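Notebook open, structure loaded. I'm jotting down what I look up as I go.

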Amino acid sequence: MTHNDDDHKWVTTKRKEPIFFTVILFVFQLFMIICFAALTGYDKNNRDSFTGSEDPETYNGGEVQQRVDNFYGYFRDINIMIFFGFGFLMTFLRRYGYSALGYTFIISALVSQWSVLINGFFEAWSYSNKHGEFPSTWTFDMSSLLQGFFCSGSVMISYGAILGRVTPLHMLIMGIIEPVFFFLNVFIGEMNLEAIDVGGGMYIHLFGSVFGLTVAWFLTDRKSKECTDNAPSYTGDNFAMAGTLFLWMMWPSFNAAIAPLGEPQFRAIANTFLSLTGSTIATFIVSRLFSHLSNKLDMVHVQNSSLAGGVVQGCIAHMNINPGGAIAMGFIAGTISVCGYLFITPKVQRKLHIQDTCGILNLHCIPGFLGSVAAIFAAIKGVNNKDMYSEVEYEQIFRAGDSQASANLIATMVSIGLGIVGGLLVGFILLQLKKIKGLKSKEYYQDSAFWILPIDYPKDVATVVALNNATPEATAGGEDEEENVGKEHGAVEMGQHNRIVQPKQDSKYHKQLPSDDEEEDEEFKQEPI
């Protein structure tokens with residue numbers, strides 16, 4: 001009996017991936033536990049303000065309680081956005097629901113921990129630049145936890161570009177490295193340049209999307225572009241729409257969470273909500289007019305482009321831009337986003353060889369860039385018309401003074417530059433990790449490579465087509481025929497086990513079946529890059 005060398009390599013590398021994943025994750029968790037124990041402390045009240053005569057029954061909790069009261073509502077909403085909204089938004093793929101939700105869950109949890117440490121380090125660095133002393137420890141408060149959510153959102157945006165083409169190890173590496181570039185960007189733009197970006201239009205959406213698209217360039221190949229499992233399902237689209245609705249409802253909290261209290265925070269809520277309504281209306285108009293030239297609505301547009309109004313307000317939601325201006329910005333962002341899905345994304349995939357699974361170019365990159373440019377013009381207007389804001393508001397918003405517009409311009413370019421540099425680094429590393437356990441073409445866009453699956457896991461497209469096209473004579477066996485098809489793909493009888501068993505696979509027997517269009521029109525087949 002002879003053994004195929006490729007089979008042996010597939011088996012050994014498959015064993016390596018879970019070992020690397022679990023060891024790295026375990027060691028990194030121990031590292032963070034030690035760092036939290038040695039370097040961090042809880043937020044606390046100023047002990048000098050205590051008189052010693054406070055009544056425990058009437059004590060209001062001091063400054064810490066005020067921060068909890070101010071932030072916890074936003075903390076709860078953004079928590080739902082990250083773990084529920086982003087996770088379910090990516091469940092549209094017909095065979096990738098476990099991975100979309102599972103990877104969002106574990107990586108966001110990891111990044112939320114890691115972010116407290118990195119953010120504290122850069123805040124301590126900023127403190128040392130101003131006071132000449134680097135703190136040996138640092139405290140974290142509600143705003144620090146919010147920064148962890150913001151960083152998690154940026155990583156999840158990047159994940160959207162490579163959805164379906166990564167392993168757990170890939171996501172772990174990106175979840176460790178990308179936050180370092182994220183907070184370096186925040187350190188430059190927020191702590192030093194003092195740019196205006198209340199809701200992360202530059203630091204979260206623009207940076208995260210550029211980072212993700214750069215990584216996607218490394219992970220795009222001909223087989224991934226032709227994979228038939230890169231397709232939605234009716235149930236998946238409904239779950240993804242649930243994610244959209246939660247994101248849509250909570251987005252005003254996302255943009256208003258760290259806005260200055262008072263009028264700026266109210267404007268952040270109002271402008272974001274109005275902008276979201278504008279992008280939603282634009283989405284339904286443009287999608288109905290141009291979607292596949294059939295005058296039917298496309299759920300992809302509704303799930304994503306309706307959120308563009310929240311992204312475009314990321315930088316300037318708290319500024320005095322007029323309610324009509326907020327609606328107009330949302331309408332423009334929604335229109336451009338739908339057109340991006342229709343016309344730009346196919347060209348980017350064909351010409352630049354960047355496969356953007358979730359379309360983050362259209363939901364985050366372009367609207368984020370538009371919002372960043374809008375912030376520059378809003379800064380120019382605000383500096384030249386200081387009576388638009390109260391004296392306190394002006395100092396809170398225009399921290400860079402008369403050079404605010406140039407500060408925002410530089411911060412925008414830095415966000416793009418760091419996104420590219422960080423994406424190149426992570427993309428190169430992930431490409432090398434394919435030698436440990438890269439996904440085979442038959443494993444793209446499906447959960448079977450890394451999850452134990454139930455018996456009703458969706459069949460591959462080729463099997464579904466074969467069953468649908470089978471003649472009555474061929475299916476006369478009824479349930480027996482379906483049972484045999486299921487067993488061919490690893491299913492076992494319910495009485496024995498309620499899970500799909502992944503059989504040993506031989507690559508020469510699992511080739512991607514071309515679609516009818518590919519067979520009829522060979523000239524449109526893409527060459528490997």
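This is a predicted model: local features need pLDDT of at least 70, side-chain atom pairs count only at pLDDT 80 or more; totals for chains, interfaces and linings use all residues.

I started with M319 and listed what it touches, skipping residues up to four places away in sequence. The partners are I196, R267, N271, A378, A379, Y389, I397 and F398.

Next I looked up the largest nonpolar core, which has 120 residues. M319 turns up again there, as one of the members that touch the most other members, along with Y159, F182 and F398. I then checked which element gives this core its largest share: helix α5, residues 168-192, supplies 13 residues.

Then the overall tally. I count 18 helices and four strands in the secondary structure of the chain. The chain has 529 residues, and 50% of them are buried. Its exposed surface comes to about 25,300 Å², with carbon and sulfur atoms supplying 62% of that. I also looked at contacts between residues at least 6 apart in sequence: 81% of them join residues at least 24 apart.

A216 was next on my list. It sits in helix α6, which covers residues 201-218. Buried or exposed? I put A216 down as buried, because its relative accessibility is 0% and the cut-off for buried is under 20%. What does A216 touch, beyond residues up to four places away in sequence? I found A161, I162, R165, I354 and Q355. For A161 I also took the C-alpha separation from A216: 6.1 Å, for two residues 55 apart along the chain.

I moved on to the loop between α15 (404-437) and β3 (453-454), where I found Q446. Q446 counts as buried because its relative accessible area is 9%. Its side chain makes a polar contact with the side chain of S448, at 2.5 Å. Leaving out neighbours within four places in sequence, I get R95, Y96, D229 and Y457 as the residues in contact with Q446.

Y445 is in the loop between α15 and β3 too. I flagged Y445 for its backbone: phi is positive, about 60°, although the residue is not a glycine. At 0% relative accessibility, Y445 goes down as buried.

Where is H353? I located it in the loop between α12 (323-351) and α13 (360-384). H353 counts as partly exposed, because its relative accessible area is 21% and buried would need a value under 20%.

Last stop, the surface. Which residues make the nonpolar patch of about 650 Å²? I wrote down I19, F20, V23, F26, V27, L30 and I33.

Notes: Residues are numbered from 1 along each chain as its sequence is written. Side-chain values use heavy atoms; hydrogens and water are left out. A nonpolar core is a set of buried Ala, Val, Leu, Ile, Met, Phe, Trp, Tyr and Cys residues joined through side-chain atoms within 4.5 Å. Buried means under 20% relative accessible area, exposed over 50%, partly exposed in between (1.4 Å probe, protein chains only). Helices (H or I, at least four residues) and strands (E, at least two) are DSSP runs, numbered from the N terminus. Contact means heavy atoms within 4.5 Å. A polar contact is a pair of N or O atoms within 3.5 Å; within protein, one must be able to donate a hydrogen and the other to accept it, and residues adjacent in sequence count only if both atoms are side-chain atoms. Patches are made of residues with over 30% relative accessible area and no salt bridge: like charges are joined within 9 Å, nonpolar side chains (Val, Leu, Ile, Met, Phe, Trp, Tyr) within 5 Å. Accessible areas come from the Shrake-Rupley method with a 1.4 Å probe; for residues, only the protein chains shown count as cover. A salt bridge is a side-chain nitrogen of Lys or Arg within 4 Å of a carboxyl oxygen of Asp or Glu.
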